[in-house]
Amino acid sequence: MKERVLYADILRVAATFLVITIHIVSRDFGLYAIDSYKWQVLNIYDSFARMSVPIFFMLSGIFFLDPNRAFSIKKLYIKNIFRLVTTFIFWSALYAVFFTWNEYRTFNAEVWGVIFEAFKEGHFHLWFLFRMIEIYVMIPFLRKIAEEKKIILYLIAFCWYIGIMLPSYYEFPVSSTVTFAERGINLDITFGYVGYFFAGYYLAHYNLKKWIKTAIYLLGVAGLISTIVVTSIESLKKGEHYDLPYQYLTPNVFFMSAAVFLLAKEKLHSKSVSVLFRHILTEFSTYSFGIYLIHVLLIFLVWKTGVTTLFMTPILSVPILTIIIFCISYICVKGMSKVPLIKRFI
């Protein structure tokens, strides 16, 4: 059995928590006045949580690009890509039927048409599967690029320009979370995530000079502060939520994500971690993908009961609700994993 990478498991679980935070906060921004401290609290939480999705891509890069790991195109398609495709079909169908039924409360020819369109597009958070499939089909030649350090750096620079700088400069005419069904193939967006894929591999497998690490940490702090400040200033100026700095393919989010990834890799490797902690961490990490898939549905159901971030100051309500949704999601996914026909979709 391969030894698990401690910092990778910690980052995976942390990123799952942060994705839940984003989707909790995004539901409730409209409940608070933009000039209130409570809105600013949500902004701070959301800004910090934006490193979550990039970290998922960076973690995948660690393992899929490693030339020392066994690899075959047949296994890639049969195990990895096929799993993502069937997972999308299952969860997109579930979300399409559930939310269309919730809106129309009946099934007829028109409603089935709505369901089919919703199924093709996928629920909003399933865009992640589209991007992963796009990158996975490129892995056979991406692994060849990963064999040479200088070519890796060249590709990261190329992806930085094409997939991060240009979309940011043009203010994302195509969102970084667009799905294939919505806008077709957008190579600039795809290359942006390829950049994260290689950034994760590079940071994990190469040692950096001290001044480079310091620069990354400083840029990461600057990225977080600029995300919070620019979002706040522009939102107040426009009188509505301005979320361009939240895009995953922006320089601020890139540096924030790289800094946290590097910090985890440098610091989270203690051999003194208890066996119990490792067990719990491995358990949560194993089911993190399923938690990602189901948590949006559970947030909706919890909010239907009237529970929102309003039940106390958002300083506390956001993390409390994040923990609650994470735990409920884990319990549901753990239960689903015991059902033979369903466990393959989590």
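A pocket, as the word is used here, is an open set of points on a 1 Å grid over the protein atoms alone, with protein on both sides within 12 Å along at least five of seven lines, and its lining residues have an atom within 4 Å of a point. The model you are looking at is predicted, so local features need pLDDT of at least 70 and side-chain atom pairs count only at pLDDT 80 or more, while totals for chains, interfaces and linings use all residues. Residues are numbered from 1 along each chain as its sequence is written, and side-chain values use heavy atoms, leaving out hydrogens and water.

Let us start with the largest pocket. Its lining has 33 residues, and those nearest its centre are Arg 12, Phe 63, Phe 64, Asn 80 and Arg 83. Two or more lining residues come from each of H1, helix H3 (52-64), H4, helix H6 (127-136), H13 and H14; helices here are DSSP runs (H or I, at least four residues) numbered from the N terminus. H4 provides the largest share, 6 residues. By class, the lining holds 17 nonpolar, 6 polar and 10 charged residues, where Ala, Val, Leu, Ile, Met, Phe, Trp, Tyr, Cys and Pro count as nonpolar, Asp, Glu, Lys and Arg as charged, and the others, Gly among them, as polar.

Next comes the second largest pocket, which is lined by 25 residues, with Ile 22, His 23, Ser 26, Arg 50 and Phe 124 closest to its centre. H1 gives the most to this lining, with 5 residues.

Now follow helix H8, residues 149-169. Its 21 residues should span 30 Å at 1.5 Å a residue, and because its end C-alpha atoms are 28 Å apart, the two values agree; the expected span is 1.5 Å times one less than the number of residues. H8 bends by about 35° at Trp 160, the bend being the angle between axes fitted to the seven residues ending there and the seven starting there. Just after H8, Glu 171 takes a positive phi of about 60°.

Finally, look at helix H15 (residues 314-336), whose 23 residues reach 32 Å from first C-alpha to last, close to the 33 Å expected. Its buried residues include Val 318, Leu 321, Thr 322 and Ile 325.

Terms used. Buried means under 20% relative accessible area, exposed over 50%, partly exposed in between (1.4 Å probe, protein chains only). On a 1 Å grid over the protein atoms alone, a cavity is a set of points where a 1.4 Å probe fits but cannot get out, and a pocket is an open set with protein on both sides within 12 Å along at least five of seven lines; lining residues have an atom within 4 Å of a point.
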